[in-house]
Amino acid sequence: MLNDIEFVNLFSAELGEDYRKAKSYVKDVPTQALLHVRSFSHKLTSLLAEPKQIRFESPNLYDRIEQLNQRRLIDVKTTRALHKLRADGNRGAHPEKYHLTPEQLQQLSERSIKQLLALVESLFKLVAKQEKPEYYFEDFDSLAGRDLCYRAVMERDPESQYLVGMSLKTRALMQREQELALQESREEAVEERSAASFKQASYWFAQAAVKDLNALFEHGVSLIHGYSGEADVSTGELAIAKAADAGVANAMALLGYFYMVGSEQFNADMLQAEKYLTQAAKLEQSEAMANLGVLYYQQSNLPAAYKFIHRAAQAGYPHAQYHLALMLARGEGCKQDTVMSEYWMAEAAEQGQVDAMLSRAQSMLHDDSALGHDFSQAESYLREVIKYGHSVPAMIELSIALADGILGRIDVVSAAALLKMARERGNEQELAVILPLWDSLAQQIDAVLAVTQSEQERLSLNKAAELLSEPTQ
């Protein structure tokens, strides 16, 4: 009987190679696994278009999936499955931006492989022109990671060294995200495991930079951010420029950003910014598309701004999805469309964009006509925004909801703790909102204390009163 890799090879030899690589990286380099999942999805759209000789109007994967759907070459179920794989692939490119832990990233990559396999099953007869054979699924293993390390260390293979560096960098970024979130909730210092991971990543990028252009770009980034301990911004920026001129999409995107805002080595130059961002956008680099949209927005070219922010949003970039929602709500560069605005705001929130999560939570709590009306989801979004965005408005919003019972329960201790945290961090404008709420909650606690007969409730109310009586910084 065929195993799953042989089964996908029978479906398509070219796609079978992407599937094999994606599956082999799941345990040790899940980011790389998810990038191969995205590559598989992109090639699959070409395979599905081939029999009808469809010419795609855009290299953007979102557009390609939608074009196949509009031409009725794929059904709704297949369309959704491809969009799910596209989104998972995007998460693999920047897992730290989605607040994923290493465990969640690995689970995501394992789930994506199985979803990809299910998609192949559903399309097998259509593509292979034969009945689907029986096969069995071989479990994931760690051989690829060990082989990668062997080639990086013993054979000094530049691509392997680069991939080891990327694995370590991804781990470091996620570790740092968790450390920053933990530090906010603790008085004692949190152990910084990320520093060691960054240093190791920096070493491997430096080793591979001479022969691997992607590694040269990452080496430049590591120098700018001081992964090895000390930053060398000038040398880092020049390394990125060299990689950009060699055609590395991520490097062109970052160099375009340098020219857009100005940096140590590069003065602001909008023509150069447009040049590099456009080149990177043609290669589907989502941040480049988003920044190109911002560049045109700043120049008041709203139709062009909408075009590129829309493309970046379709490519799955959360910040672009949030800004697209705002443009649609205002009718900037496009026809005003509140329904699609809510759709893209929900997409951005689902992917962890903090401003979008706050906006969605507020809509869920206060707007009966809003898309989706889930108080538990609203609470979850607010807690995420507080954890990762340290947002004072989110602290105020959640405090009010807990004090007033909007979430289906009253929790004055948590409401007081959140209000105290907000008061310690709030600016002058925010304090003008916080102080009346502070007095109101204190009066509410005193009023209930005067009449309650419940010992448990009295303990909670006293704890809340104690929080509000403590001096703030």
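1. Basis. The model is predicted: local features need pLDDT of at least 70, side-chain atom pairs count only at pLDDT 80 or more, and totals for chains, interfaces and linings use all residues. Residues are numbered from 1 along each chain as its sequence is written, and side-chain values use heavy atoms, with hydrogens and water left out.

2. Aromatic pairs. The count is 13. Rings of Phe, Tyr and Trp (its six-membered ring) pair if their centres lie within 6.5 Å; planes under 30 degrees apart are stacked, over 60 edge-to-face, the rest tilted. The Y62 and W344 rings have centres 6.5 Å apart and planes at 45 degrees, so this pair is tilted. It links distant parts of the chain: Y62 is in helix α4 (residues 61-70), W344 in helix α17 (residues 338-350), 282 residues apart. Helices are DSSP runs (H or I, at least four residues), numbered from the N terminus.

3. Burial of that pair. Buried means under 20% relative accessible area (1.4 Å probe, protein chains only). Y62 counts as buried at 14% relative accessibility. W344 is buried too, at 3%.

4. A second tilted pair. Y162 and F205 sit 6.4 Å centre to centre, with 45 degrees between the planes. Y162 lies in helix α8 (residues 158-184) and F205 in helix α9 (residues 194-208), so the pair ties together parts 43 residues apart in sequence. Both Y162 and F205 are buried.

5. H219. This residue is in helix α10 (residues 213-225). At 19% relative accessibility, H219 counts as buried. Leaving out residues up to four places away in sequence, H219 touches F205, A206 and A209. Contact means heavy atoms within 4.5 Å.

6. Cluster and charge. Ring pairs join F7, F11, F124 and Y135 into a cluster. The charged end of K23 sits over the ring of F137, 4.2 Å from its centre. The K23 charge also sits over the ring of F140, 5.9 Å from its centre. The rule: NZ of Lys or CZ of Arg within 6 Å of the ring centre and within 35 degrees of the ring normal.

7. Helix crossing. The axes of α15 (residues 302-314) and α16 (residues 318-330) come within 8 Å and cross at roughly 140 degrees. Axes are lines fitted to C-alpha atoms over the stretch in contact, with angles from 0 to 180 degrees between N-to-C directions. That makes α15 oblique to α16. Oblique is what remains after under 35 degrees (roughly parallel), over 145 (roughly antiparallel) and 65 to 115 (roughly perpendicular). Residues of α15 including L302, Y306 and I309 meet residues of α16 including L324 and M327.

Conventions
Helices (H or I, at least four residues) and strands (E, at least two) are DSSP runs, numbered from the N terminus. Buried means under 20% relative accessible area, exposed over 50%, partly exposed in between (1.4 Å probe, protein chains only).
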